[in-house]
Structures are given as structure tokens and as C-alpha cells.
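Please read them with the structure open beside you.

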Amino acid sequence: MSNLLFDRLLAPHQGQDTLFMKTPDGLALTHGAFLDIASQMANALKEAGLKPSDRVAVQVAKSPQALALYAASVQSGIVFLPLNTAYTVNELTYFIQDSGAAMVICDPSMEAELSPIAAHQNAQVMTLDAKGGGSLTNAAQEQSTLFTPISRADDDLAALLYTSGTTGRSKGAMLSQHNLLSNAETLVETWQFTKKDHLIHALPIFHTHGLFVASNISLLAGCSLTFMAKFDLDHIIDALPHATSMMGVPTFYTRLLDDPRLNADLVQNMRLFISGSAPLLAETHIQFEQRTGHKILERYGMTETNMNTSNPYDGDRRAGTVGFPLDGVDIRITDPDTHQPLPQGEIGMIEVKGPNVFSGYWNMPEKTQEEFRDDGFFITGDLGIIDQDGYISIVGRNKDLIIAGGFNIYPKEIELILDQQSGVLESAVIGIPHADFGESVIGVLTLENSASVDLDAMLKTVGESLARFKHPRQLVVVDELPRNSMGKVQKNILRDQFKSLLD
Ligand code: AMP
């Protein structure tokens, strides 16, 4: 028996005094010191009574200790459940209850509100603040730096990452040890990461991109990081001359392009800029190359599947495409209605199969069955096309998902709240283009007969129960929503009608 992730990502670094990460405020941590913190945390979690396969729900600011908590979970055989730091108590309650978490780890400021929710299911609460302090760290500091990793089967769960559901219910994607390790191995190979690399890590670590793509790759390759709590333009500009690689969402690149300090000299040590999580505009790709001489490498993945495709490392990186299937990953395009494979060059549903693909949704066997074909292909919900040369492009999102600043926003969740507001008959929430964030959220309303509403007050009320990134930027009232012959609201017409609303 072994523990794949521990054996490959963590064990080689034990006792090593090579640099693992530095932060903009001057902290430097060696690989060995990072492992020590993780092992102390693992001992503290064990002493608190956590057992292998228990879920630990974690809503904490990004810090080296927060990443060490992931490493502690890996070696303890605990299922790591990271949560967006923007989630409100209302939203967190669902995740804690649905996952049956045995422990909640949060910022000290959330402890009082989350304790009764945790107590309801006999879960414990520990804290970890933005500076890495809190009751978890206090308990860990008392512990030994030696921890014997717990054996795990390759298909045992390592993490549970929630994706929002179109029906308003979030689904927990079950990711196994093998899902995560196989993808990290493929990406290290494809993108040629070695221990000589220094990666700018400015992505959140509650999401697949920053947690698995960026962190697992770095641990597997043994490279070092500039680890930033969030995207900060000045910190990125400072880090670029000393870095070899960066992973970002498209917003990183548009913001860098807006800064006159970005030029070829600044990035002369860089070998690779990677983008994903949302579509990178071809225009951004081209402007970035003109300014820096670097072609951004765009890749495509999702919470449920890890990474699926990548533009080539050596070879033509084509703007507006997400490249080819990764080694070991099968991709096909099917007719969304008949489910039959379509010939190359036709738009259809992207389906994917491979060691990277999750095993199903937590406690949702029917939903899992709906989203997998009988032959094991996962239905991504993304519409795409494969061109003559084999390059894949994503042309739309079947489920009307909105992506703002790299975060997924499912309209249904906001519509359900808008529909409850006094005077509102029905609503449709859409994303309209936004130069910086990719998309902005807009709510289109129809009103009950002769109702008069205060739209500003409504925006405020709606905002109180939603994470900030989901807040609609504006509400507009129309006489009626456009519908097709089957009665479905035609959001494409609304998107077209309101595309310049915020200009
Ligand atoms: P998430 O589960 O948050 O990682 O979101 C996954 C979704 O993001 C995918 O299903 C796609 O719709 C979208 N996505 C990820 N990468 C890209 C990309 N390079 N281009 C376009 N959409 C992307």
C-alpha cells in the first residue's frame, strides 16, 4: 500500500533545504520546512480525532500555511474540501452539511458564525488566518515534524471540489489520488517543468487551477514559487524578472497589457506563460506576443476533469484555441441531441475520458449517471469544435455559465433570489462582455402588473446573500422575456440586446 500523492509530491522534499516559496513580504520557505509544517498539521488533525476519508471544509485566505494544510490532508488521507473565500455563511452552510464535514477550518472572524453550523453535525472548528496564525497553527506548533503517511488506494478520494449547479444546487466533484497525480505528471511532461523553474503563483488555492495545476506541478517538478496571496500588478511586475513561468486567468494578461512596464526586457528570463479557466481573447494573445515576444499557451480544463487539452509547448500555439487533448486523454465532439460523434469541423458537445476525469458527484448518483455516457465519457457541458489540424476551440457554454474574472457563476442561483423579490415576475441572468473580467453579470426582469420597484435597493438586497463576485452589476426591466417555441428563454437574444449596457 502506498499514498501516491504523498510519495510523488511530498516525500522527495523531506529534509531538503532548497527554496520552495518566497512571498512578496519577504518570507522564504524551504521544501523541507514546508513539509515540516504540513507534518505538524497532520499530527494536529490526528490528535483532534480526524480519520482517513473524513472531509475537512476549508475557507481560509491563501497563505503558505493554507497550502501546507492541503499537504497535511494528503498525508493524513483526509479529503480536502477548499471553499471560495467569498462565500457567505449562507453558502458555506450548504457545503458543510452536504459534505458531512468532520472539521471546518476558517478565518477567526468566521468562527462564531460557523460554530453552531458545525456543531449541528458534531464537526469541530479550527482557525487559520491570513498570516498563517490561528488555533490550527497553535495546535500544530506543539506537534512533531514526523508523521507516518496513511496508505491510500489509488482511487481513494483526495479532494472534494464543489462546482455550482445550473439548478442552483452545487455538486461536489470527487477527485481521487490517481486523478490528481496522473494529471500533474502529464502536465509536468507537456509543459517541461523542472526543478530549475520558478513559477509566479498568484491564483487562488480553493480552485483547481491554483491548487492542482499550479501547486501539484510545482511539488512534482520540485520547482520554486513566488507565492502571492492574490493578483497584485506591482508584485507581479517585481517578480517577472526572476521567474521562468506564470499561470494565470485571462484577466492577468489584460491587466499586464494595460501596464506600460510590461515589455520584452522585463520577461527575458521567462520561458512560459499559461492561461486558462476562461476564454483568452485572440486579441490578448496577439497583443501579448507583440509586446513581449511570448505566445501565451492556452489550455482547457474543469473542476471535474482536471486539465484536458493544451496548446503545444513546442509547436504552433494558436490564438483562440485550447490546443490538443493531453496524453492519455480522449476527447470527442458529439451531437447534443442524438449523442452521436460528429465529424471533425462540426460544433457539438465536448466529451472527455481519461485518468484525469473524476469518479462522480458526492452523494448524487443520479446526477453522476446523467453526466456520463455508458462508455465512460464525461459530458463537459462545453460546446466545441475540432479543426482540420486537430486544434480544439470552445465556442460556447451549453449551460449558460457566466465566467467573471475566472470564476464560474451559474445564472440560476441568482435568478432564484431575484424571483423572490417583491414585484418581480421573472428574471433572466446573463453575462455580457467585460474587457477586464471577461464577463459581467446583468439581471433582466419582468414585473408583476403595475408593480413599481426600486432597482438599487433590490441590487443591495440580492447582494447580501451572494458572494461579491456573483453580484449583478445592473438590473434592467423589460416587458417580456424572449422565448423559443418550447418556452425556453432565449438568453442569446438578451445577451445581444444588452451587450453594451455597461459601456
Ligand atoms: P471550473 O470548473 O471552474 O474550472 O470551470 C470549468 C469551465 O471553464 C469549463 O467547463 C469551460 O467552460 C471554462 N474554461 C476553462 N478553460 C477554458 C478555456 N481555456 N477557454 C474557454 N473556457 C474555458
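1. Which residue of β14 stands opposite Met302? The residue opposite Met302 is Asn306 in β14. Strands here are DSSP runs of E with at least two residues, and helices are runs of H or I with at least four, numbered from the N terminus.

2. Before going further, please note that this is a predicted model, in which local features need pLDDT of at least 70 and side-chain atom pairs count only at pLDDT 80 or more, while totals for chains, interfaces and linings use all residues. Residues are numbered from 1 along each chain as its sequence is written, and side-chain values use heavy atoms, with hydrogens and water left out.

3. Strand β13 spans residues 297–302 and is mostly covered, with six of its six residues buried (buried means under 20% relative accessible area, exposed over 50% and partly exposed in between, with a 1.4 Å probe and protein chains only). Leu297, Arg299 and Gly301 point one way from β13, whereas Glu298, Tyr300 and Met302 point the other way. In a regular strand the side chains alternate between the two faces of the sheet.

4. β13 pairs with strand β14 (residues 306–310) in the antiparallel sense over four bridges, where pairing requires that DSSP finds at least two bridges between the strands. These two strands, β13 and β14, form a hairpin with three residues between them. With strand β12 (residues 272–275), β13 pairs in the parallel sense over two bridges, and there Ser275 stands opposite Glu298.

5. The ligand has 17 residues around it, of which His207, Glu298, Arg299, Thr303 and Asp382 come nearest (a residue is near if one of its heavy atoms lies within 4 Å). β13 gives the largest share of this shell, five residues, and β13 and β20 (392–397) each supply at least two.

6. A side-chain N or O atom of Glu298 is 2.9 Å from a nitrogen atom of the ligand, one of His207 is 2.8 Å from a ligand oxygen atom, and a polar side-chain atom of Thr303 lies 2.7 Å from an oxygen atom of the ligand. The protein covers 95% of the 500 Å² of accessible area that the ligand has on its own, with areas taken from the Shrake-Rupley method with a 1.4 Å probe.

Terms used. A polar contact is a pair of N or O atoms within 3.5 Å; within protein, one must be able to donate a hydrogen and the other to accept it, and residues adjacent in sequence count only if both atoms are side-chain atoms.
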